[in-house]
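Reader: Please take me through one part of this model with care, and say how each term is defined as you go.

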Amino acid sequence: QEELRDVSQMLPYSMKPLDVLNYLCQNNLITLYPNTAVVLRVLLILPVSVASGERSFSKLKLIKHYFN
């Protein structure tokens with residue numbers, strides 16, 4: 001929690017998560033804020049909605065059916 005507070009005070013509020021992660025990488029701050037970097041990476045890879053994940057499984061079912 002302290003890491004996030006420190007990073008949020010260091011950077012402008014309007015920065016997007018990807019910009020914050022890039023800033024941390026470019027300025028070699030990943031070792032100083034490792035948990036913040038992990039949280040940002042998880043946030044950036046999560047699907048925005050469940051629909052994209054459901055579509056992937058739906059396509060997988062079609063592919064499996066095609067090869068059987």
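Author: On a 1 Å grid over the protein atoms alone, a pocket is an open set of points where a 1.4 Å probe fits, with protein on both sides within 12 Å along at least five of seven lines, and its lining residues have an atom within 4 Å of a point. The model is predicted, so local features need pLDDT of at least 70 and side-chain atom pairs count only at pLDDT 80 or more, while totals for chains, interfaces and linings use all residues. Residues are numbered from 1 along each chain as its sequence is written, and side-chain values use heavy atoms, with hydrogens and water left out.

The largest pocket is lined by Leu4, Val7, Ser8, Leu11, Pro12, Tyr13, Met15, Pro17, Val20, Thr36 and Leu40. Two or more of these residues come from each of α1 (2–10), α2 and α3, helices being DSSP runs of H or I of at least four residues, numbered from the N terminus. The greatest share, three residues, comes from α1. Nine of the lining residues are nonpolar, two are polar and none is charged, where Ala, Val, Leu, Ile, Met, Phe, Trp, Tyr, Cys and Pro count as nonpolar, Asp, Glu, Lys and Arg as charged, and the others, Gly among them, as polar.
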